[in-house]
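Hi everyone, thanks for making time for this. I'd like to walk you through a structure, so let me put it up on the screen.

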Amino acid sequence: MKCIMIGEGKNDSYFSNELLPILNYKHDLFDQKSLPKEKKENAETDKLRSFIYRNDKDFLFKSEGGKGMAIKVFAKNLDFLLDLRQIRKIILMLDVDDDLNSKLTSIENGITSKNIGEKLSIYFKNADKINKEGACCIYFYEVHLIKEENKNLFEKFYLVLFDRDLEEVANKWYPDMEISQKEKIIKLAKDCEIINKFYNFLK
């Protein structure tokens, strides 16, 4: 069984590329934005098909190339991904940006506006969190999709949120280290608490 994680940009890719092998996942990365223009057509469909049906990898991290795109693409593809028996977990990884409640509302609106069948409501079940210096840095959610008609659980996916963003979380972990932002993010992925929390969340 396989997992798919959708994130926002290259720093998410750096983080995932370092963390997933530590968690013993055979992973693949896909960043459509980095492809030459002539190779972009059908690239996403081809990559998903290859990962699901032919690839020996068990985890795909898909970067949507910047803020604002991840929720839209995730909402557009969610029904398709939920229907795939080969997929064990679908994870959306985002930055909180300005406000946690606003971000959760944006996710809810993005998903419910794309649903054209039964009306759905969304329940964000707080699964776990990581604190640093007395404040929450990373939120983990199990997101329930509930049928409005009978209030039954329809499906679920998983959500990781960095407060305010991945870069700021990395800076909180290593405030005095004179290394690049990329190096801090890679180092963050090797932190024991980060590894343990993500291991339990993704298992």
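Predicted model: local features only at pLDDT ≥ 70, side-chain atom pairs only at ≥ 80, totals over all residues.

Let's start with the rings. How many aromatic pairs does a search of the whole structure find? The search gives nine aromatic pairs. One of them is Phe 15 with Phe 162, an edge-to-face pair with 5.7 Å centre to centre and 85° between the planes. Phe 15 belongs to helix H1, residues 10–22, and Phe 162 to strand E7, residues 153–162, so this pair links distant parts of the chain, 147 residues apart.

Now a second pair, Tyr 25 and Phe 59. Tyr 25 and Phe 59 are also edge-to-face, at 4.9 Å centre to centre and with 65° between the planes. Where do the two partners lie? Tyr 25 is in the loop between H1 and strand E2 (27–31), while Phe 59 is in strand E3, residues 59–63, so the pair ties together parts that are 34 residues apart in sequence. Tyr 25 has 15% relative accessibility and counts as buried, and Phe 59 is buried with a relative accessible area of 0%.

Phe 15, Phe 140, Tyr 158, Phe 162, Phe 198 and Phe 201 form one aromatic cluster. Elsewhere, Lys 132 lies over the face of Trp 173, and here the distance from the ring centre is 4.8 Å.

Last, the helix. H3 covers residues 43–54, which is 12 residues, and spans 15 Å from its first C-alpha to its last, close to the 16 Å expected at 1.5 Å a residue. Which residues of H3 are buried? Ala 43, Leu 48, Phe 51 and Ile 52 are buried in H3. Those residues cover an arc of only 150° around the axis, which means they are on the same side of H3. The face turned away from that buried side carries Tyr 53 and Arg 54, which are exposed.

That's my tour, and I'm happy to go back to any part of it.

Notes
Residues numbered from 1 in each chain as written. Heavy atoms only, no water. Phe/Tyr/Trp six-rings, centres within 6.5 Å; stacked < 30°, edge-to-face > 60°. Helix = DSSP H or I, 4+ residues; strand = E, 2+ residues; numbered from the N terminus. Buried < 20%, exposed > 50% of the residue type's maximum accessible area, 1.4 Å probe, protein only. Lys NZ or Arg CZ within 6 Å of the ring centre and 35° of its normal. Expected span 1.5 Å × (residues − 1). Arc of directions from axis to C-beta.
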